[in-house]
Amino acid sequence: GDDDIGKLADFEILPVGDIHQAVDIRRVALAAGNRPVLIDFIDQQAGGMKGGAKLKSYSPGGSSSGFLPAAAADTPLDFKAMADQGSMLGSGAVVAVAEPTCMLDLALNAVTFFRNESCGKCVPCRVGSEKIVDILLRATRGQGTAHDLALIDEIAHTMRDTSICGLGQAAPYPITSVIKHFKSEVDDHILKRRCPSGVCLAQP
């Protein structure tokens, strides 16, 4: 009933991924003045990072919300607070990323998912997601160019402005957020032909 809907508005259901100690679903109170911050959610609700790993990045609402740096882990799990960070709670699927994960490889994985899920009906999503995947693949293989970041930015703007549905509009967020928050790591791949994490074919 309406009363139940009102109560549910103060809660978010947050799945906990396997990077944490616990793999589960948590019901988190989002009532005003009682909104937990991300790092407290990881430590208290999810049992902390697996194996005591150091937090490097996190996605507060699934891959479509992009990836924020660990320095922003004190942001409240709140719709407006996340929007102010250029992100969103979205699906509420919290993903905590541990050191020494390669952020470019992670972005490639996420954008590849969106490319594969595209229905192909609109050109911006169908062509744009494929083009971004191609660029990121080349970068992880040590074949990137100095023009790649400008091209990704152009494609991302076009996809956000002209894709028919939310999937196409959100598909670039994983890589645009990584470029924003982990630029030096991206530059290492493209300009120095090396992967600081030792994950990609562009090995250090």
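Two residues are taken to be in contact when heavy atoms of each lie within 4.5 Å. On this basis, in the predicted model described here, 62% of the contacts in the protein chain between residues at least 6 apart in sequence join residues at least 24 apart. The protein chain has 204 residues, of which 45% are buried. Nine helices and five strands were assigned, and their order along the sequence is α-β-β-α-β-β-α-β-α-α-α-α-α-α.

The largest nonpolar core has 27 residues. Within this core, the residues that touch the most other members are Leu104, Ile132, Leu136, Ile175, Val178 and Val186. Helices α4 (103–117), α5, α6, α8 and α9 each supply at least two residues of the core, and the largest share, six residues, comes from α4. Beyond its neighbours within four places in sequence, Leu104 is in contact with Leu136, Ala139, Thr140, Ile175, Val178, Glu185, Val186 and His189. Another core, of 15 residues, lies apart from the largest one and includes Leu55, Tyr58, Ala73 and Ala98. In general terms, nonpolar side chains of soluble globular proteins tend to be buried together.

The buried residues of α6 are Asp148, Leu149, Ile152, Ile155, Ala156 and Met159. Viewed down the helix axis, these buried residues fall within an arc of 125 degrees and therefore line one face of α6. Their packing partners are α5 (123–140), α7 (166–170), α8 (173–181) and α9 (183–191). The face of α6 turned away from the buried side carries the exposed residues Ala150, Glu154 and Asp161.

The C-alpha atom of Thr176 is separated by 7.8 Å from that of Ile152, a residue 24 places away along the chain. Ser177, also found in α8, has a relative accessible area of 11% and is therefore buried, the cut-off being 20%. A polar atom of the Ser177 side chain lies 2.8 Å from the backbone nitrogen of Phe67. The backbone oxygen of Tyr173 likewise lies 2.8 Å from a polar atom of the Ser177 side chain. With neighbours within four places in sequence left aside, Ser177 is in contact with Gly66, Phe67 and Phe182.

A search of the whole structure for aromatic pairs returned one. The pair is formed by Phe113 and Phe114, whose ring centres are 5.5 Å apart and whose planes stand at 65 degrees; the pair is therefore edge-to-face, for which the angle must be over 60 degrees. As for solvent accessibility, Phe113 has a relative accessibility of 45% and counts as partly exposed, whereas Phe114, at 7%, counts as buried.

Conventions: Residues numbered from 1 in each chain as written. Predicted model: local features only at pLDDT ≥ 70, side-chain atom pairs only at ≥ 80, totals over all residues. Heavy atoms only, no water. Phe/Tyr/Trp six-rings, centres within 6.5 Å; stacked < 30°, edge-to-face > 60°. Buried < 20%, exposed > 50% of the residue type's maximum accessible area, 1.4 Å probe, protein only. Helix = DSSP H or I, 4+ residues; strand = E, 2+ residues; numbered from the N terminus. Arc of directions from axis to C-beta. Core = buried A, V, L, I, M, F, W, Y, C linked by side-chain atoms within 4.5 Å. Polar contact = N/O pair within 3.5 Å; in protein donor to acceptor, adjacent residues only side chain to side chain.
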